Amino acid sequence: MAIKRIPTTSAQVGMYLCGIDRSWLNTPFLVHRFLIKCSSDIAKLQQAGIEEITIDTDRGHDVPSDSEPPQTQDDELSSKQDPPIPDSSVPPEAERLQQLSPSIQGKSLSGELTTMKLVRKYMLEGVQDILHTLQKTGGLAIEQVHQITESVMAETLGHEEACIAMIRTRDFSPALYDHALAVSTLAVLLGRAVGLDNTALQHLASAGLLHDAGLLNLPQVLHRPLNQLSDSELGLYQKHPRRGADMLSQQSCLADEVDTLIREHHIALDGSGYPANIDPAKIQTPTRILRIVDEYDELLTGHHTGKPLAVRVALQTLYQQGRKGLLDGELVATFINLIGIYPTYALVELSTGERGIVTANSRDNLLQPTILLIQDAIHQPLPEPIPFNFSVLSSHEPRPEIVRVLAPEQVGIDLDSALENWMTL
């Protein structure tokens, strides 16, 4: 395989195109590797604003030398030797990946998801150990806390979509460590989105892991949906921010900012929430962030009512709480933009009946993400996934809409398998 990067102006009929200077999802092309068969293919590349392309000279023509006349006529292709036939012993998936040189290789959507699953598994084990030790001995494994928070900060940098997908699609567990890791991760993502420095992010990550430490030694009967608690049980439950902060205040190794975050993470900006003796006007941005992401994950897990909410409904609930002054409205708006109404890796169905996986969100229109179509209108698998981009539809084309978000396992779709061969450039 011989990969070469050339300007689009040098493209010729007979070249095998295997890469462009942007994500294929932001173009109107239905396939992302093909033999240039006619001059109209080149015209489409230029009309899409693509300035550079990558060609495979083993599967198609190379750039002609100065002594050779350029090939521009469609019928010239027929007089040339066909490109080499790919080795049939090589799986199509492997061959597709081979077409990407290291210099232009992008992210594997399936690879991102698989990697984050593994990373999250190890981090969950670490958080479980931290909380178990704290519960049994009252001691905090501070080095382990630092290791986990550093991992959270590192893995969320450049892997936002996969992290968010892991939180949204995980098997929800009533165990505190599952919620703790989700809150820590989301807090770092939102904190980074609003420009907090690394020190503040480190504090958020630590507070996210430990924010519910005050629940560790409460009777097991209190570990059920809030709407099932009696008034006296609810009063005891609402003491957990102070209990947790008091428990951890004995650990001199924790920063004061972490103590503040834990103590204030259930304060509402309208004066409600708990503890009641804290002035909401003095609540700083990091605490407001922790409050939002904690509420979001509790809505996803069904902590309030026992019924987990869909992402879109959870975000609508946060928005309404922002409108009422319970949460910081601007931070909620940023969070919604970060998560996306239809988050990356969500399986959706269009009004046409087609089904696809969300691969990117438009920050200009959260209702029109980019989708990788994997099933046709009658729900039959497509031979090749097709990227569908709302933004490149012409005004004359019918504009389908997303009508529902599907649970992959309920319709027999394995996201890992569906995304296994798809690369973003």
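On a 1 Å grid over the protein atoms alone, a cavity is a set of points where a 1.4 Å probe fits but cannot get out, and lining residues have an atom within 4 Å of a point. Grid points are joined across faces, edges and corners, and a volume is the space filled by probe spheres set on the points.

The largest cavity has a volume of about 110 Å³. Its lining gets two or more residues from each of helix H3 (109-137), helix H4 (142-156), helix H5 (160-169) and helix H6 (176-193). Helices here are DSSP runs (H or I, at least four residues) and strands are too (E, at least two), numbered from the N terminus. Among the lining residues are Met116, Met123, Val152, Cys163, Ile167 and Leu181, along with Arg120 and Glu155. By class, that lining has eight nonpolar, two polar and two charged residues. Ala, Val, Leu, Ile, Met, Phe, Trp, Tyr, Cys and Pro count as nonpolar, Asp, Glu, Lys and Arg as charged, and the others, Gly among them, as polar.

The second largest cavity has a volume of about 40 Å³. Arg288, Arg291 and Asp328 are among the residues lining it, and its lining counts six nonpolar, one polar and three charged residues.

## How H5 meets H6

H5 and H6 pack at an angle of about 150 degrees, with their axes 10 Å apart. That makes H5 roughly antiparallel to H6 (angles over 145 degrees). Axes are lines fitted to C-alpha atoms over the stretch in contact, with angles from 0 to 180 degrees between N-to-C directions.

On the H5 side, Glu160, Cys163, Ile164 and Ile167 meet Ala182, Thr185, Leu186 and Leu189 in H6, where contact means heavy atoms within 4.5 Å. By class, this contact has six nonpolar, one polar and one charged residues.

## The largest pocket

Now for the open side of things. A pocket is an open set with protein on both sides within 12 Å along at least five of seven lines. The largest pocket has a volume of about 830 Å³. It is lined by 32 residues, with Arg168, Thr169, Ala407, Pro408 and Glu409 nearest its centre. H5 gives the largest share of that lining, four residues. By class, the lining splits into 21 nonpolar, two polar and nine charged residues.

## Ground rules

Residues are numbered from 1 along each chain as its sequence is written, and side-chain values use heavy atoms, leaving out hydrogens and water. As this is a predicted model, local features need pLDDT of at least 70 and side-chain atom pairs count only at pLDDT 80 or more, while totals for chains, interfaces and linings use all residues.

Definitions and conventions
Angles under 35 degrees count as roughly parallel, over 145 as roughly antiparallel, 65 to 115 as roughly perpendicular and the rest as oblique.
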